[in-house]
Number of protein chains: 2
Amino acid sequence: MRAENIQEVRSLALFRSMSDEAFQNLVQAAYLQTFPAQLDLIREGDPADFLYVVLEGCVELYAQANMRTATMALIRPVSTFILAAVLKDAVYLMSARTCDKSKLLLIPAENVRQAFETDADFARAIIRELANCYRGIVKDHKDLKLRSAVERLANRLLRYHADQGGNGSLELPYDKRRLASVLGMTPENLSRAFNTLKPYGVEVDGSTIHLSDLKSLTVLAKPNPLIDDRTT
Amino acid sequence: MRAENIQEVRSLALFRSMSDEAFQNLVQAAYLQTFPAQLDLIREGDPADFLYVVLEGCVELYAQANMRTATMALIRPVSTFILAAVLKDAVYLMSARTCDKSKLLLIPAENVRQAFETDADFARAIIRELANCYRGIVKDHKDLKLRSAVERLANRLLRYHADQGGNGSLELPYDKRRLASVLGMTPENLSRAFNTLKPYGVEVDGSTIHLSDLKSLTVLAKPNPLIDDRTT
DNA sequence: TGTTAGAATTGACATTTATCAAGTGCGAGC
DNA sequence: GCTCGCACTTGATAAATGTCAATTCTAACA
């Protein structure tokens, strides 16, 4: 692995505070690999063999049942995924596939478990990471249970808008089909939800969205830090 | 606190492996209290002052937004709740209230954080607990995103039935209003879902449910261990 | 045993969301 | 620049779910 990538991984909250020995141990056992777009990485139900770190590209976590598919999350650099399954030595609850061509680090699950048994700093970092993941999905769950499809879209737009500088327009970070699945609706319904938001100053131009009336969009969306704020 | 209660808490997976000193330290700082039914314990948005342990009774975790309320989970003895907020020293994402008269142990958040910084065994136990909580809510999220209301009810009935011995009937663990909210539907809709399941051998008698045709109910429900199995 | 308050059910209806079937438009590759 | 495929949109319709109001049931209690 190149020094640049090592430093990137080392700087992650999860690995930052662990000892050099333990980190070296993890990294030496790991595989760095580049995958093409749309490649299946893991399938729900399979035993958790690796902890994954996304270094470049984008990975989609999804789940299937009853002939339906739902996107659970989209993982962008630099972050890990399916940590909980690895720690529990259990099967994956979600499948994963690349969206774009992606560079990933695969750390054998056994080494991760060993590291948290022996390195107390790493264990504490894992606690923080897991607590964040947990709170993230609690927020997603509240979003889905407490809001209509249009409200979910409106809040998502406000979030992306703020993330991207809040200058009146935003770029959708992935295609509308995936956005629809993330928001828990069909692509058709997403189209209609955008139309519903037109009177609130939402103008769609491909994957660029212009927000010309933030005030009325915010009144409609009623954003709530306990759902939409991704840092706390 | 009575020795019996101490032993009960000590035997929890979260506290079992920690050192005696650290455990004594936690317990000595804690408050044991009995609360009447329907009492608000915590409100989402408030800073996390205590880790709660339910010793007797039942506590409902719920969330509110947009004039709507959703039950997130029901906590029965003996288990903890809102661990993640305590560890992160953040605000609660969910509110909590007693369902029945309940005996709770309140451990000051600061002591919990101290304990996981100093006791590596406790830190590892927290990791296991958090990983379980995370996977639990991932399953809830999949349930909600991938299934219709009737399917969610059918699978829930099968789960309770199996938990209670699988002898053809089951007792709903709480009232239908709460069950409806847990399942993400209105009480009216729950009533209708029960009617929809009548042809599949589901007979409602107050809070007792008889399942006379498990086979066809299972065909309808299509239970999935990656959603319904609460142990893995 | 009768009363009563809250829970549960039912019916009528509105709203939301999904489905199916055409279209339309845009971008990659020739 | 053309065209082919695919994502996206739109329309018509169906299904699922929510809302409101009225009624029935049930269990606690006088």
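## Surface near DNA strand C

In this predicted model, the surface near DNA strand C draws at least two residues from each of α7 (149–163) and α9 of chain A and from each of α8 (176–182) and α9 of chain B. The largest share, 6 residues, comes from α9(B). Among the 18 residues around DNA strand C, those that come nearest are A:Ala149 and A:Asn189 from chain A, together with B:Asp175, B:Lys176 and B:Arg177 from chain B. Sorted by class, the surface near DNA strand C holds 7 nonpolar, 6 polar and 5 charged residues.

## Surface near DNA strand D

DNA strand D is surrounded by 18 residues, of which A:Asp175, A:Lys176, A:Arg177, B:Ala149 and B:Met185 are the closest. Here at least two residues each are supplied by α8 (176–182) and α9 (187–196) of chain A and by α7 (149–163) and α9 (187–196) of chain B, and the largest share, 6 residues, belongs to α9(A). The class division of the surface near DNA strand D is 7 nonpolar, 6 polar and 5 charged residues.

## Contact between the chains

The contact takes 43 residues from chain A and 44 residues from chain B. On the side of chain A that touches chain B, two or more residues come from each of β4 (59–65), β5, α4 (83–88), α5 (109–118), α6 (120–146) and α11 (225–228) of chain A, with the largest share, 19 residues, provided by α6(A). This side of chain A comprises 24 nonpolar, 6 polar and 13 charged residues.

## The largest nonpolar core

The largest nonpolar core has 103 residues, and the members that touch the most others are A:Ile82, A:Leu130, B:Ile82 and B:Leu130. When neighbours within four places in sequence are left aside, B:Leu130 is in contact with A:Ile127, A:Leu130, A:Ala131 and A:Tyr134 of chain A, as well as with B:Leu83 and B:Ala84 of chain B.

## Domains of chain A

The domain assignment of chain A gives domain 1 (3–120) and domain 2 (145–228), and the C-alpha centres of these two domains of chain A lie 29 Å apart. Their contact takes 6 residues from domain 1 of chain A and 4 residues from domain 2 of chain A. Strand β5 (residues 68–75) of chain A, with 3 residues, gives the most to the side of domain 1 of chain A that touches domain 2 of chain A, and that side of domain 1 has 4 nonpolar, 1 polar and 1 charged residues.

Terms used:
Residues numbered from 1 in each chain as written. Chains lettered and ligands numbered in written order. Predicted model: local features only at pLDDT ≥ 70, side-chain atom pairs only at ≥ 80, totals over all residues. Near = placed C-beta within 6 Å. Helix = DSSP H or I, 4+ residues; strand = E, 2+ residues; numbered from the N terminus. Nonpolar A, V, L, I, M, F, W, Y, C, P; charged D, E, K, R; others polar. Domains from an automatic or database assignment. Contact = placed C-beta atoms within 7 Å. Core = buried A, V, L, I, M, F, W, Y, C linked by C-beta atoms within 7 Å. Buried ≥ 20, exposed ≤ 12 C-beta atoms within 10 Å, placed from the backbone.
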